[in-house]
Amino acid sequence: MTSGLPNMAGGNRICPATVRRCVLEVIHLLAVRAPRLERALKKVTRNGGHVVLVDGTLVRTRRLTGSDNRRNYSGKHRAHGLFFLTLTDDKGRLLWISAARPGCSSEITTVRYNKLVEQLPAHELGAIGDLGFVGLDTDPDDPVVITGHKATRTKPLTSAKKQVNTLIASARAVCEHAVAHLKN
């Protein structure tokens, strides 16, 4: 963002500080207009939806200096960034995006922080997530977030579990595309 500010300022013959202030004001306006989680879930229910697709993504940033450096480092991605949780509908339309969390946050931690597991049943909704959400639900017989199965070294997946993973991945493909477009 900082390298583009002098270019925008010079091209428009204004001070870089003015451009920065305008950019921050626009970001604030967009944040105010963004739907809150409860409103987004109510809208899905009103439109007859039963399932949302949930995904977490790391948006890479520059490395910070000082003590804030480690909070934004994601060991999983081996990069610095901010972590976001997204909800999309079954068509891949972005419904909600969480506030930025430190890059060291996991998907499960971010879901618990936003109390998504408590709010989904209140709106009679379920969610489909990737393997990063395995272990989120306390009741395996009636899960709120449906995930695939993980293989271990000692227990490879059966063909039935592989088929389940394929079905879940095909349903989640539109969510992955939405997140990819968001990052572009």
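T88, in strand β3, touches V52, L53, R93, L94, L95, C175 and A178 when residues up to four places away in sequence are not counted. In this predicted model, T88 is buried, with a relative accessible area of 0%.

- Leaving aside neighbours within four places in sequence, L87 is in contact with L37, L41, V52, L53, V54, R93, L94, L95, W96 and L116.
- Although L87 and S98 are 11 residues apart along the chain, their C-alpha atoms are separated by 8.7 Å.
- D89 is placed in the loop between β3 (79-88) and β4 (94-97), and with 10% relative accessibility D89 counts as buried, since the cut-off for that class is under 20%.
- A polar atom of the D89 side chain lies 2.8 Å from the backbone nitrogen of R93.
- Beyond neighbours within four places in sequence, the contacts of D89 are with L53, L95 and V174.

**Helix α3 and its cover**

- In helix α3, which spans residues 37-46, the buried residues are L37, A40, L41 and V44; they cover an arc of only 95° around the axis, and therefore lie on the same side of α3.
- On the other side of α3, R39 and R46 are exposed.
- Just after α3, G48 takes a positive phi of about 85°.

- L94, I97 and L182 make a nonpolar surface patch of about 230 Å².
- Of these residues, L182 is found in helix α6, which covers residues 159-183, and L182 is partly exposed, with a relative accessible area of 41%.

- K115, which is not a glycine, has a positive phi of about 55°; K115 is found in the loop between α4 (107-113) and α5 (116-122).
- The relative accessible area of K115 is 49%, so K115 is classed as partly exposed, exposed residues being those over 50%.
- E124, likewise not a glycine, has a positive phi of about 55°, and the place of E124 is in the loop between α5 and β6 (126-128).
- With a relative accessibility of 67%, E124 counts as exposed.

Technical notes
Residues numbered from 1 in each chain as written. Predicted model: local features only at pLDDT ≥ 70, side-chain atom pairs only at ≥ 80, totals over all residues. Heavy atoms only, no water. Patch = residues over 30% accessible without salt bridge, like charges linked within 9 Å, V, L, I, M, F, W, Y side chains within 5 Å. Areas by Shrake-Rupley, 256 points an atom, 1.4 Å probe, with all protein chains shown as cover. Salt bridge = Lys/Arg side-chain N within 4 Å of Asp/Glu carboxyl O. Helix = DSSP H or I, 4+ residues; strand = E, 2+ residues; numbered from the N terminus. Buried < 20%, exposed > 50% of the residue type's maximum accessible area, 1.4 Å probe, protein only. Polar contact = N/O pair within 3.5 Å; in protein donor to acceptor, adjacent residues only side chain to side chain. Contact = heavy atoms within 4.5 Å. Arc of directions from axis to C-beta.
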